[in-house]
Amino acid sequence: MSIHLAIIGGTGVYDPKLLGAVERLEVTTRYGTALLTQGIYQGEKVVFLARHGTEHGTPPHKINYRANMAALVKLGVSRVIATAAVGTLNEQMPPGSMVLLEQFLDFTKGREATFFDGGEAGVIHTDVTQPYCPQLKQFLQRAAQNAALELLDGGVYVCTEGPRFETPAEIKMFKMLGGDLVGMTNVPEVVLAREAGLCYSTVALCTNFAAGISPQELSHQEVLDVMEENVDKVRRLLAEVIPLLGEERSCQCQDLGHSILL
Ligand code: HPA
């Protein structure tokens, strides 16, 4: 049985009690080694990847995004659902809400952000007009409806370098530029997925109003607390979407991607 779905998320996003035949995998690629968990979830073989490492030990700017995504390709994964904690700039997307990402603005610095960095790998300019898979988004919307969960759409995600939070002036600028949500991990993850021809979608969970909008200073503990209070919604959404993924890929993601060196 090949593995079609990978879920990328923080701790607690999947319920270990619902996961059968759990196996740890260590997948080595030319970019480094990725640690993954494989199991049977809702009757399907699914791979889970804890983006920050199993103990949340890796900060966003040091995550080996290329090793993670290349490992998924090596395992034969075709669809990736990522979850992400985000700050919100948009009153229509208050803390506690779940939002499907639509576009991103990239404010990262110096990350390894491509599989095509010249030499043997070649130089390829990948189209990211639609960074997130439209079909996967439809499945997630359907799953949300089935589970009576509110899933907002159309989020513009601003990716910052971190690990510090933003200044209120930065948040003001991001808002003027059309940003709705701010986080530190979606770029280059989404870009690498698109380059490799994977279907990729992100469910963002708003954990706090961003700096200067929030009445108080930001803390990682607040992010963790709100994530914990709301993670059950994400879990329910994931459990509901898996049975819908039997349908063939009808999107362009595979055609827009390229084969990568593994
Ligand atoms: N900024 C950046 N990343 C985040 C935030 C934030 O306010 N909240 C959760 N992740």
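**Helix 1 and onwards**

Modeller: Let's start with helix 1, where Tyr-65, Arg-66, Ala-67, Asn-68, Met-69, Ala-70, Ala-71 and Leu-72 are buried. Buried means under 20% relative accessible area, exposed over 50%, and partly exposed in between, using a 1.4 Å probe and protein chains only. This is a predicted model, where local features need pLDDT of at least 70 and side-chain atom pairs count only at pLDDT 80 or more, while totals for chains, interfaces and linings use all residues. Residues are numbered from 1 along each chain as its sequence is written, and side-chain values use heavy atoms, with hydrogens and water left out.

Colleague: Why is helix 1 said to be largely enclosed by the rest of the structure?
Modeller: Because eight of the 10 residues of helix 1, which spans residues 65–74, are buried.

Colleague: And which residue follows helix 1 with a positive phi?
Modeller: That's Gly-76, with phi near 85°.

Colleague: Zooming out, how many helices and strands are there in the protein chain?
Modeller: Six helices and nine strands. Those are DSSP runs, numbered from the N terminus: H or I of at least four residues for helices, E of at least two for strands. With a radius of gyration of 17 Å, close to the 18 Å from the globule rule for 262 residues, the chain is as compact as a globular protein of that length. The radius is taken over C-alpha atoms, and the rule is 2.2 Å times the number of residues to the power 0.38.

Colleague: Which strand pairs with strand 6 in the parallel sense?
Modeller: Strand 7 (residues 151–160) does, over eight bridges with strand 6 (residues 98–107). Pairing here needs at least two DSSP bridges between the strands. Asp-106, for example, has Cys-159 in strand 7 as its bridge partner.

Colleague: What about strand 9, parallel or antiparallel to strand 6?
Modeller: Antiparallel, with three bridges joining strand 6 to strand 9 (residues 199–209). Leu-100 stands opposite Val-203 there.

Colleague: Changing topic: where does Val-241 lie?
Modeller: In helix 5, residues 220–241. Val-241 is buried, at a relative accessible area of 0%.

Colleague: Which residues is Val-241 in contact with, leaving aside neighbours within four places in sequence?
Modeller: Ile-81, Phe-139, Leu-140 and Ala-143, where contact means heavy atoms within 4.5 Å.

Colleague: Last one: how much of the whole protein chain counts as buried?
Modeller: 53% of its 262 residues.
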